[in-house]
Amino acid sequence: MKTTIELPDDLLERSKAVARRENSTLKALIEEGLHLALRARTRSRKRAAPFAVQPFQGDGLSPEFAAAGWDKVRDEIYRDRG
């Protein structure tokens, strides 16, 4: 597939120089860069730990709220605040 992209002049010139020095093409260099960028993003998403409640003291949520959704918890927090 063909597409057109705009690059800063200095980035394009440096990229062309690297491609020439490595006896490669600008296309191959761009493809490699995109593969690396996409792989890094995939890895960083996989590493992100799911959110977990970390109680300061005690045993965590009381049984009343252990399986409750955020709506119920929020309603209780603000119950007496009008």
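Biologist: Let's start with E76: what is its relative accessible area?

Modeller: This is a predicted model, where local features need pLDDT of at least 70 and side-chain atom pairs count only at pLDDT 80 or more, while totals for chains, interfaces and linings use all residues. Residues are numbered from 1 along each chain as its sequence is written, and side-chain values use heavy atoms, with hydrogens and water left out. Buried means under 20% relative accessible area, exposed over 50%, and partly exposed in between (1.4 Å probe, protein chains only). E76 is partly exposed, and its value is 32%.

Biologist: Which residue meets E76 in a salt bridge?

Modeller: A salt bridge is a side-chain nitrogen of Lys or Arg within 4 Å of a carboxyl oxygen of Asp or Glu. For E76, the N to O distance is 2.6 Å, and the partner is R79.

Biologist: Stepping back, what order do the elements of the protein chain follow from the N terminus on?

Modeller: Helices (H or I, at least four residues) and strands (E, at least two) are DSSP runs, numbered from the N terminus. The protein chain has 3 helices and 0 strands. Read from the N terminus, the order is α-α-α.

Biologist: In helix α1, how many residues apart are R14 and D10?

Modeller: These two side chains form a salt bridge, with 3.7 Å from N to O. R14 is exposed at 53% relative accessible area, whereas D10 is partly exposed at 48%. They are separated by about one helical turn because their spacing in helix α1 is 4 residues.

Biologist: Is S15 buried or exposed?

Modeller: S15 sits in helix α1. Contact means heavy atoms within 4.5 Å, and, leaving aside neighbours within four places in sequence, S15 touches L26 and L29. The relative accessibility of S15 is 15%, so S15 counts as buried.

Biologist: How far apart in space are L29 and V18, C-alpha to C-alpha?

Modeller: L29 belongs to helix α2 and is partly exposed, at 24%. Not counting residues up to four places away in sequence, L29 touches S15, V18 and A19. L29 and V18 are 11 residues apart in sequence, and their C-alpha distance is 8.4 Å.

Biologist: Where is N23 found?

Modeller: N23 has a phi near 55°, a positive value in a residue other than glycine. N23 is also exposed, at 75% relative accessibility. Its place is the loop between α1 (9-21) and α2 (26-47).

Biologist: Which element gives the largest share of the lining of the largest pocket?

Modeller: On a 1 Å grid over the protein atoms alone, a pocket is an open set of points where a 1.4 Å probe fits, with protein on both sides within 12 Å along at least five of seven lines, and lining residues have an atom within 4 Å of a point. The lining here includes M1, L12, L26, I30 and L34. The largest share, 5 residues, comes from α2.

Biologist: How much space lies in the largest pocket?

Modeller: Grid points are joined across faces, edges and corners, and a volume is the space filled by probe spheres set on the points. On that basis, the largest pocket holds about 380 Å³.

Biologist: Finally, what percentage of the 82 residues in the protein chain do buried residues make up?

Modeller: S15, at 15% relative accessibility, is a buried residue. Across the 82 residues of the protein chain, the buried share is 4%.
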